[in-house]
Amino acid sequence: MNLKQLEAFVKVAEGGSFSKAAKALYLTQPTISAHISSLEKELNVRLFVRNTKEVSLSEDGKELYQYAY
C-alpha cells in the first residue's frame, strides 16, 4: 500500500466516481483504476461496489476510509 493508492481511494470514495477522482488528482481514469485494483489485490478485499451509474464503498471500503481519511 502506498500514498498514491490511498489518495486515489479517498478521492473515489468522496466523489463516487473514478473519473472525478482522476480529474481532481490530475491523473487518467485508467491510472486511478490501476491504483484501486492493486490496493484491492494487496488487501484481498473489494473496496467498492460498482455499477454502470455509480461507485459506492463496500463494507471493507468503509472501514478503510475511516483510517485513510
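## Helix α1 against helix α2

Helix α1 covers residues 3-15 and helix α2 covers residues 18-25. Helices here are DSSP runs of H or I with at least four residues, strands are E runs of at least two, and both are numbered from the N terminus. The two helices pack at an angle of about 125°, and their axes lie 8 Å apart. That makes α1 oblique to α2. (Angles under 35 degrees count as roughly parallel, over 145 as roughly antiparallel, 65 to 115 as roughly perpendicular and the rest as oblique.) Axes are lines fitted to C-alpha atoms, for helices over the stretch in contact, with angles from 0 to 180 degrees between N-to-C directions.

α1 passes α2 in a right-handed crossing. From α1, the residues Glu7, Ala8, Lys11, Val12 and Gly15 meet Phe18, Lys20, Ala21, Ala24 and Leu25 of α2. Contact means heavy atoms within 4.5 Å. By class, this contact of α1 with α2 has six nonpolar, one polar and three charged residues.

## The model

This is a predicted model: local features need pLDDT of at least 70, side-chain atom pairs count only at pLDDT 80 or more, and totals for chains, interfaces and linings use all residues. Residues are numbered from 1 along each chain as its sequence is written, and side-chain values use heavy atoms, with hydrogens and water left out.

## Helix α1 against helix α4

α1 also packs with α4, at an angle of about 115° and with the axes 10 Å apart. The crossing of α1 and α4 is left-handed. α1 brings Leu6, Phe9, Val10, Ala13 and Glu14 to the contact, and α4 brings Gly61, Leu64, Tyr65 and Ala68. Seven of the residues in the contact of α1 with α4 are nonpolar, one is polar and one is charged.

## Glu40

Glu40 sits in helix α3, residues 29-43. Glu40 counts as buried, at 13% relative accessibility. (Buried means under 20% relative accessible area, exposed over 50%, partly exposed in between, with a 1.4 Å probe and protein chains only.) Not counting residues up to four places away in sequence, Glu40 touches Val45, Arg46, Leu47, Phe48 and Arg50.

## Ser58

Ser58 lies in the loop between β2 (55-57) and α4 (59-68). Ser58 is buried, with a relative accessible area of 10%. A polar atom of the Ser58 side chain lies 3.1 Å from the backbone nitrogen of Gly61. Leaving aside neighbours within four places in sequence, Ser58 is in contact with Arg46, Leu47, Phe48 and Val49.

Note on methods. A crossing is left-handed if the near helix is turned anticlockwise from the far one by less than a right angle, and right-handed if clockwise. Ala, Val, Leu, Ile, Met, Phe, Trp, Tyr, Cys and Pro count as nonpolar, Asp, Glu, Lys and Arg as charged, and the others, Gly among them, as polar. A polar contact is a pair of N or O atoms within 3.5 Å; within protein, one must be able to donate a hydrogen and the other to accept it, and residues adjacent in sequence count only if both atoms are side-chain atoms.
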